[in-house]
Every structure is written in C-alpha cells, then in structure tokens.
Amino acid sequence: MKPDTKITVSWGESKPQSGTLAAYELRYTTNGGSTYTVVSTNIATSTRTYSFTPLVRDGQTLTVQVCARNSYGKKSA
C-alpha cells in the first residue's frame, strides 16, 4: 500500500445474538494482527461504509477489521 492513500471500507449489517446493535468499531493492522490501530469505536449502526487514511509505510499490507458492539458492550469476533 502507498502512504497517504485514503481507503473506503464497506460491510454488511450485523445482528447481535443478545441485546441490540449499539455501534461498530473499525481498526487496522500492518503487522498481521500483533497490534491494531483503532480508527473509531463509535460508528453509527446505520453506517455501512467508512473512509479513512491509514498510517502505513510504502509496501505494507493493511488488514482492516470491523467489529459490532451490542448494547451490553460485547464485541463480535
């Protein structure tokens, strides 16, 4: 990936097993999941796309993860 490149992430709606959907959390890793950089922890439940510019070095691989959080504060896997 090239530095200073804005990306847009899209995802489908999540249905929690208990409680109600409270928010989405978006984060990314450039080291295979050893550490993550959190982009946002409170993305609205009606949102299905999010644009941001990750901090990467030239050639790094970026993996993005979107988690759903329910009304009890539990996150999806």
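Reader: Which backbone oxygen does the side chain of N70 reach?
Author: The side chain of N70 reaches the backbone oxygen of S18, at 3.1 Å. This is a polar contact, that is, a pair of N or O atoms within 3.5 Å; within protein, one must be able to donate a hydrogen and the other to accept it, and residues adjacent in sequence count only if both atoms are side-chain atoms. Please note that this is a predicted model, in which local features need pLDDT of at least 70 and side-chain atom pairs count only at pLDDT 80 or more, while totals for chains, interfaces and linings use all residues. Residues are numbered from 1 along each chain as its sequence is written, and side-chain values use heavy atoms, with hydrogens and water left out.

Reader: Is N70 buried or exposed?
Author: N70 is buried, with a relative accessible area of 7%. Buried means under 20% relative accessible area, exposed means over 50%, and partly exposed lies in between (1.4 Å probe, protein chains only).

Reader: Where is N70, and what does it touch?
Author: N70 belongs to strand β5, residues 63–70. Strands (E, at least two residues) and helices (H or I, at least four) are DSSP runs, numbered from the N terminus. Leaving aside neighbours within four places in sequence, N70 is in contact with P16, S18, T20, L21 and A22. Contact here means heavy atoms within 4.5 Å.

Reader: What about R69?
Author: R69 is also placed in strand β5, and at 22% relative accessibility R69 counts as partly exposed. Its side chain reaches the backbone oxygen of T41 at 2.7 Å. Beyond four places in sequence, R69 touches T20, L21, A22, A23, T41, N42, K74 and K75.

Reader: How far apart are R69 and G19?
Author: In sequence, R69 and G19 are 50 residues apart; in space, the separation is 9.6 Å from C-alpha to C-alpha.

Reader: Changing topic: how many helices and strands does the protein have?
Author: The protein has zero helices and five strands, and the pattern along the sequence is β-β-β-β-β. The C-alpha trace spans about 40 × 25 × 15 Å along its principal axes. Of the 77 residues, 25% count as buried.

Reader: Which residues make up the largest nonpolar core?
Author: That core has ten residues: I7, V9, W11, L21, Y24, L26, Y28, I43, F52 and A68. A nonpolar core is a set of buried Ala, Val, Leu, Ile, Met, Phe, Trp, Tyr and Cys residues joined through side-chain atoms within 4.5 Å.

Reader: Which strand gives the largest share of this core?
Author: The largest share, four residues, comes from β2.

Reader: How many aromatic pairs are there?
Author: There are two aromatic pairs. Rings of Phe, Tyr and Trp (its six-membered ring) pair if their centres lie within 6.5 Å; planes under 30 degrees apart count as stacked, over 60 as edge-to-face, and the rest as tilted. In one of them, the rings of Y28 and F52 have centres 5.7 Å apart and planes at 25°, so this pair is stacked. The pair links distant parts of the chain, with Y28 in strand β2 (residues 21–29) and F52 in strand β4 (residues 49–52), 24 residues apart. Both Y28 and F52 are buried.

Reader: And how many salt bridges are there?
Author: A search of the whole structure finds four salt bridges. A salt bridge is a side-chain nitrogen of Lys or Arg within 4 Å of a carboxyl oxygen of Asp or Glu. One of them joins the side chains of K75 and E25 (2.9 Å, N to O). K75 lies in the segment after β5 and E25 in strand β2, so the pair ties together parts that are 50 residues apart in sequence. E25 is buried, with a relative accessible area of 8%.

Reader: Which residues do shared partners join into one network?
Author: Salt bridges that share partners join E13, K15 and R48. The side chains of E13 and K15 meet at 3.5 Å, N to O, and those of R48 and E13 meet at 3.9 Å, N to O. K15 counts as exposed, at 65% relative accessibility, whereas R48 is partly exposed, with a relative accessible area of 25%.
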